[in-house]
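Subject: Structure handover

Hello,

Here is the structure I said I would pass on. Please have it open while you read the notes below it.

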Amino acid sequence: MSRPAIVYTSKYGSTRRYALALSTRLGTPAVELSSYDPSDRPDPLILLAPVYATRIRGRRRLLRAMRRAPGRVALVVVALSPTDDPGRGDLAAKLVAAAGRAVTTFDLRGDLDTARLTWPDRVLMAALRRALRRTPDTPAARQLLPNRPLKLVDEATLEPVVAWAGGA
């Protein structure tokens, strides 16, 4: 069995933080998806990717990596929404179905600092806030309407991923 590979894509840093923490725990480097070379045939392969709006970032490259992996594969999805949000599970399920192979999925929460958003993401966030003002008592509205940074990254939530990587 070769050593595991930790491969990630990140836009604002939450997924990168998880990847680096996982790297420390497993004793293997974390590599950005854009520079990942599957020729060393890792087993297991752990892919970390964030959700933005209605997409998982790096979908095409993630699919390619999943399909080429010789052994076990895990997809760790990082999003602002709660881990039990059915929408984020649907995104992961569609990606796994497109891969055409068994992939274990994990869900983690990411941070949000609206001051760091790019211009297009600020526009999307403004539209989302306008919609949420109509339902101010929903959990999403209570979380996003105050327009303050949300610190939701919790490295302790990596424990199931670490256990999976160890073969548990």
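What follows is a short account of what was found, taken one topic at a time. Please keep in mind that this is a predicted model.

The core

In general, nonpolar side chains in soluble globular proteins tend to be buried together. Here the largest nonpolar core has 24 residues. Those with the most contacts inside it are Leu45, Leu47, Ile56, Leu62, Met66 and Leu75. Two or more residues each come from β1 (5-8), β3 (45-52), α2, β5 (73-79) and α3 (86-99). The element that gives the most is α3, with five residues.

Arg67 is one of the residues that lie in helix α2.

The salt bridges

Side chains of opposite charge can pair when their charged atoms come close. The count of salt bridges in this model comes to three.

- Lys11 and Asp121 meet through their side chains at 2.9 Å, N to O. The pair links distant parts of the chain, 110 residues apart: Lys11 sits in the loop between β1 and α1 (14-26), and Asp121 in helix α4 (residues 119-132). Asp121 has 14%, which is under the 20% limit, so Asp121 is buried.

- Asp111 and Arg17 form a salt bridge through their side chains, again given as 2.9 Å, N to O. Asp111 is in the loop between β6 (104-109) and α4, while Arg17 is in helix α1, and the two are 94 residues apart. Asp111 is partly exposed because its relative accessible area is 23%. Arg17 is partly exposed as well, with a value of 39%.

- Glu159 and Arg25 meet in a salt bridge at 2.5 Å, N to O. This pair also links distant parts of the chain, with Glu159 in helix α6 and Arg25 in helix α1, 134 residues apart. Glu159 has a relative accessibility of 44% and therefore counts as partly exposed. Arg25, at 36%, counts as partly exposed too.

The cis peptide bond

Most peptide bonds are trans. Which two residues are joined by a cis peptide bond in this model? They are Asp43 and Pro44, and omega is about 5°. Pro44 lies in the loop between β2 (30-32) and β3.

Some residues in loops

Asn147 counts as partly exposed because its relative accessibility is 42%. Its C-alpha atom is separated by 9.4 Å from that of Ala115, 32 residues apart along the chain. Asp154 has a relative accessibility of 38%, so Asp154 counts as partly exposed. From Asp154 to Ala102 the separation is 52 residues in sequence and 27 Å in space, C-alpha to C-alpha.

Pro29 is in the loop between α1 and β2. With a relative accessible area of 43%, Pro29 is partly exposed. Pro29 and Arg133 are 104 residues apart in sequence, and their C-alpha atoms are 43 Å apart.

Asp113 is found in the loop between β6 and α4. How far apart are the C-alpha atoms of Asp113 and Ser10? They are separated by 14 Å, while the residues are 103 apart along the chain. Asp113 counts as partly exposed, at 28% relative accessibility.

If you look at one thing before we talk, take the salt bridge between Lys11 and Asp121 and check where each partner sits: Lys11 in a loop and Asp121 in helix α4.

Regards

Note on methods: Residues numbered from 1 in each chain as written. Predicted model: local features only at pLDDT ≥ 70, side-chain atom pairs only at ≥ 80, totals over all residues. Heavy atoms only, no water. Helix = DSSP H or I, 4+ residues; strand = E, 2+ residues; numbered from the N terminus. Core = buried A, V, L, I, M, F, W, Y, C linked by side-chain atoms within 4.5 Å. Buried < 20%, exposed > 50% of the residue type's maximum accessible area, 1.4 Å probe, protein only. Salt bridge = Lys/Arg side-chain N within 4 Å of Asp/Glu carboxyl O.
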